[in-house]
Amino acid sequence: MEHPENDDKYTGLTVNSGVVQPPSVNPYLNKRPRRKPLPTASELVEGILKGDVTALSRAVTLVESLAHDHYALAQEVIDKCLPHSGNSRRIGITGVPGAGKSTSIDVFGLHVLREGGKLAVLAIDPSSERTKGSILGDKTRMEKLAVHPSAFIRPSPSAGSLGGVARKTRETIVLCEAAGYNNIFVETVGVGQSETAVHSMVDFFLLIQIAGAGDELQGIKRGIMEMADGIVINKADGDNIGPAQLAQAQFRSALHLFPPTASGWRPEVLTYSGYYELGIPEVWDMIDRYFAFVKANGYFDTKRREQARWWMYETIDEQLRKHFYDNPDIAARLAAAEADVLANHRSSFAAAADVLNHYFDSKML
């Protein structure tokens, strides 16, 4: 390409170089700060025992992580925190969708904090069956607790685990207790037969119901009624006071048909309004009476021991499943077996038996 401006007869002219174009790649791309290395177990435990929320949050993240190196570190932290745990009141809170669980936890928690102590709320958010993601928005509905210095709110995805309980909620309770939180709320996804998982990690199981949502006696499963230590009817305010009291009478009648509880405690049915904060002290007085009752007759310690044993076997089951499905040889055989089943070449039971027999006979254990 010719450049006539360079000719000698144009020596009096000045040619500007133009504007320098920026690079197509961000020059600061490689200058981003690297992630901080993982703290040691001793550092995390030291922070947790001091009540450091950041250390507690990092430890809970490690507990929920699926990475192998995170698992080993999390277990070491849990083992060191275990001697400092067990000194809280663990309360499970469940109810039908729309019953006002998060709003109730907000006002229940404030009532507890006014009496002194610290509160940890483990809110379980349902995971999508399609994307496996969760909104984790429960904290936004606990506006007052979210800004309280003595409250720790940790939303976790259910990740398809039993009863909507996060896979590691049990271990998270241990960490929160070691950090000095003497009241633990576990909010579940909702009512279901698999709420046994919640019942097996809490001391008191509270069922929240609302009136006018259909037949109160047929709208819930019998299993959840038998597990409840207390039933509360929410939204008992304004024109809804009458229906709430009617639902209260119906639930009381239904509870009389159930056999006595293992603790000897007869579940109570109360009404309250979470939005208007009516009847909150009465609900908490019921919970206080329950703890006094079960500690006096020794059931409190017995239940804690039974829960520890139950979770030992649950952990064994989880590890066996993980060992089975993480094996590359088993993964290949499962794919082939699945293809045979889908093509109707073999029955589901025969295919499963062959894969399991290969697993046991090959000494993979």
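Arg309 and Glu306 share helix α11, 3 residues apart, about one turn of the helix. Helices are DSSP runs of H or I, at least four residues long, and strands are runs of E, at least two, numbered from the N terminus. This is a predicted model: local features need pLDDT of at least 70, side-chain atom pairs count only at pLDDT 80 or more, and totals for chains, interfaces and linings use all residues. Residues are numbered from 1 along each chain as its sequence is written, and side-chain values use heavy atoms, leaving out hydrogens and water.

Q: How far apart are the closest N and O atoms of Arg309 and Glu306?
A: A salt bridge needs a side-chain nitrogen of Lys or Arg within 4 Å of a carboxyl oxygen of Asp or Glu. Arg309 and Glu306 form one, and their closest N and O atoms are apart by 2.6 Å.

Q: Which parts does the pair of Glu277 and Lys144 tie together?
A: Their side chains meet in a salt bridge (3.0 Å, N to O). The two residues are 133 residues apart in sequence, so the pair ties together the loop between β7 (268–271) and α10 (280–296) and helix α5 (residues 143–146).

Q: Which helix holds both Asp329 and Arg333?
A: Asp329 forms a salt bridge with Arg333, with 3.8 Å between the closest N and O atoms. They are 4 residues apart, about one helical turn, in helix α12 (residues 328–342).
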